[in-house]
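Please load the model in your viewer and keep the sequence panel open beside it. The stops below can be selected one after another.

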Amino acid sequence: MHMKIAGTWKKVTAESCAENYPDEIEFQERPRFLAKKGPSQGYIWWDAGSYEIVGDDQVRMSTASDELVTYKTRLEDNVLTFTDQHGCTFSYQRIS
C-alpha cells in the first residue's frame, strides 16, 4: 500500500541544505502540489507541479526547472521526511 500524503504540510527542519525547499506544501489528491515560500525564502526548487508516489519510500516531484526528481521518503505519524539526491534530509509536519 502506498503512503497517503494529500494535505498541507509545514517544514519543521531548519537544515541549511534544505533552505531552497518550500516552507509549506499542499499535496492534492489528483497528484498535483502547490508550495509556498517562507518570509525569508527566495528561489524554491518546488513551486507547483506534479508528484508521483513510487513504491513505499519514494516520491517523484516536478521541480521549478520542470525536471522530475525522485526523493527517498519516510512517513511516520504526521511527519513526512524527504532525502534528496545530495543526502540532504528535511521534514514536514501535516497541518491539515
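Predicted model: local features only at pLDDT ≥ 70, side-chain atom pairs only at ≥ 80, totals over all residues.

Residues are numbered from 1 along each chain as its sequence is written, and side-chain values use heavy atoms, with hydrogens and water left out.

**Aromatic rings**

Begin by selecting Y21 and W45, which form an edge-to-face aromatic pair with 5.0 Å from centre to centre and 75° between the planes. The rule behind this takes rings of Phe, Tyr and Trp (its six-membered ring) as paired if their centres lie within 6.5 Å, and calls planes under 30 degrees apart stacked, over 60 edge-to-face and the rest tilted. By this rule the count comes to 14 aromatic pairs.

Strands here are DSSP runs of E, at least two residues long, numbered from the N terminus. Colouring by accessibility separates the two partners, since Y21 counts as buried at 1% relative accessibility, whereas W45 counts as partly exposed at 29%. Buried means under 20% relative accessible area, exposed over 50% and partly exposed in between, with a 1.4 Å probe and protein chains only.

Now extend the selection to W46, Y71, F82, F90 and Y92, which ring pairs link with Y21 and W45 into a cluster.

Where in the chain do C17 and C88 lie? C17 is in the loop between strand 1 and strand 2, and C88 in the loop between strand 7 (79–83) and strand 8 (89–94), so that the pair links distant parts of the chain, 71 residues apart. Their sulfur atoms are 2.0 Å apart, and the structure holds one disulfide (a pair of cysteine sulfur atoms within 2.5 Å). The link of C17 and C88 is right-handed, with 80° about the S-S bond. C17 counts as partly exposed at 37% relative accessibility, while C88, at 5%, counts as buried.

Select strand 2 and strand 3 next, which run antiparallel, are joined by four bridges and form a hairpin with four residues between them. Two strands pair if DSSP finds at least two bridges between them. F27 has F33 as its bridge partner in strand 3, and both residues are buried. The rings of F27 and F33 have their centres 6.3 Å apart and their planes at 50°, so the pair is tilted.

In a regular strand the side chains alternate between the two faces of the sheet. Strand 3 has a covered face, with F33 and A35, and an uncovered one, with R32, L34 and K36. Strand 3 is also joined to strand 4 by three bridges in an antiparallel arrangement, and there F33 stands opposite G49.

Strand 7 and strand 8 run antiparallel and are joined by five bridges, and T83 stands opposite T89 in strand 8. This hairpin has five residues between the strands, and G87 takes a positive phi near 85°.

**The largest pocket**

Select M3, I5, E29, Y51 and I53, which lie nearest the centre of the largest pocket among its ten lining residues. A pocket is an open set of points on a 1 Å grid over the protein atoms alone, where a 1.4 Å probe fits, with protein on both sides within 12 Å along at least five of seven lines; lining residues have an atom within 4 Å of a point. The volume is about 160 Å³, taken as the space filled by probe spheres set on the points, which are joined across faces, edges and corners.

**A last stop at T63**

T63 counts as buried at 7% relative accessibility, and its C-alpha atom is separated by 7.0 Å from that of D47, 16 residues apart along the chain.
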